[in-house]
Amino acid sequence: MRAGTRDLVNLSGPAAAAALTADSILVLPTGAIEHHGPHLPLSTDFLMADLLARAVVESAASTGQDAWLLPPLAYTKSDEHHWAPGTVWLTWDTLMQTVVDIGRSVAATPAKTLVFYNGHGGNIALLQVALRELRRRFGLRTFLMGTGITAGDGVDGPDERGFGIHGGHGETSLILHLRPDLVDMTLADRWVPDHMANLEYIKFNGGPVSFGWLSNDFGPSGVIGDATGATAEHGRTIFDRAVANGVASLTEIAGFRHEP
């Protein structure tokens, strides 16, 4: 398949209207432009969302899925990094209205399924709310999926003690695979809030108690994770796994109905 053939915006308006059906799946990558420490580019989350979503859509289409790629959102909800120069972020209400407006436009096409492919953790809660908003207002089938990057556990990468959520082993490895020219491993370090690791209830993800935080609450680097052991080889593993999981997810999405 020729690269770019699944970009909906490369079609004319009449061609897009003819190509799309009620079974078509439109995939919208959501990234971010934000501080990722001294070793990674501001575009880290944007690159992950854009390039992985493209690979997922093109791979799914090659298996017969009626999947199409929308242009990615670069500027999203990154206010946890507001303190760092280079971060460009939208308020939660601006982003919510933006995705609602996009959903309204999607609903004006024959396609009835919109999937957010997310590369930035700070977008998740808002996009989960948006799923229901778009479902209620426009009748779209709405879904949220993402890269699935996990923290290093001491076996699959350094032990990040569950905190490899931003600029750590996984993200650094993936960008080393995707755009090694943008990574400076001489500046990579371990930035893990070990003092929180043994807390029983208060967790970043999956604990019974959530908490508000800014990325510089844990130190001036603004990174939460351990980038020191990152490799392009591990990044390729993450990439291949994310694409395979993404294609499988789109296959399930294609068959999903709220009623039996």
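Predicted model: local features only at pLDDT ≥ 70, side-chain atom pairs only at ≥ 80, totals over all residues.
Trainee: Why is helix 3 called oblique to helix 4?
Mentor: Helix 3 (residues 92-107) and helix 4 (residues 124-138) pack at about 40°, with their axes 10 Å apart. Angles under 35 degrees count as roughly parallel, over 145 as roughly antiparallel, 65 to 115 as roughly perpendicular and the rest as oblique, so helix 3 is oblique to helix 4.

Trainee: Which residues of helix 3 and helix 4 meet?
Mentor: Contact means heavy atoms within 4.5 Å. Among the residues that meet are Trp 92, Leu 95 and Met 96 in helix 3, and Leu 126, Leu 127 and Phe 138 in helix 4. By class, this contact has 12 nonpolar, 1 polar and 3 charged residues. Here Ala, Val, Leu, Ile, Met, Phe, Trp, Tyr, Cys and Pro count as nonpolar, Asp, Glu, Lys and Arg as charged, and the others, Gly among them, as polar.

Trainee: What makes helix 5 roughly perpendicular to helix 6?
Mentor: The angle does: helix 5 (residues 169-178) and helix 6 pack at about 95°, with axes 7 Å apart. That value makes helix 5 roughly perpendicular to helix 6. His 169 and Leu 178 of helix 5 and His 234 and Phe 239 of helix 6 are among the contact residues.

Trainee: What makes a space a cavity or a pocket?
Mentor: On a 1 Å grid over the protein atoms alone, a cavity is a set of points where a 1.4 Å probe fits but cannot get out; a pocket is an open set with protein on both sides within 12 Å along at least five of seven lines. Lining residues have an atom within 4 Å of a point.

Trainee: How many cavities of 30 Å³ or more does the structure hold?
Mentor: There is 1, and the largest cavity has a volume of about 50 Å³. Its lining includes Asp 156, His 169, His 234 and Arg 241, and helix 6 (residues 232-255) gives the largest share, 3 residues.

Trainee: What is the volume of the largest pocket?
Mentor: About 930 Å³. Of its 34 lining residues, the closest to the centre are His 120, Gly 121, Gly 122, Ile 124 and Asn 205.

Conventions. Residues numbered from 1 in each chain as written. Heavy atoms only, no water. Points joined across faces, edges and corners; volume = space filled by probe spheres on them. Helix = DSSP H or I, 4+ residues; strand = E, 2+ residues; numbered from the N terminus. Axes fitted to C-alpha atoms, helices over the stretch in contact; angles between N-to-C directions.
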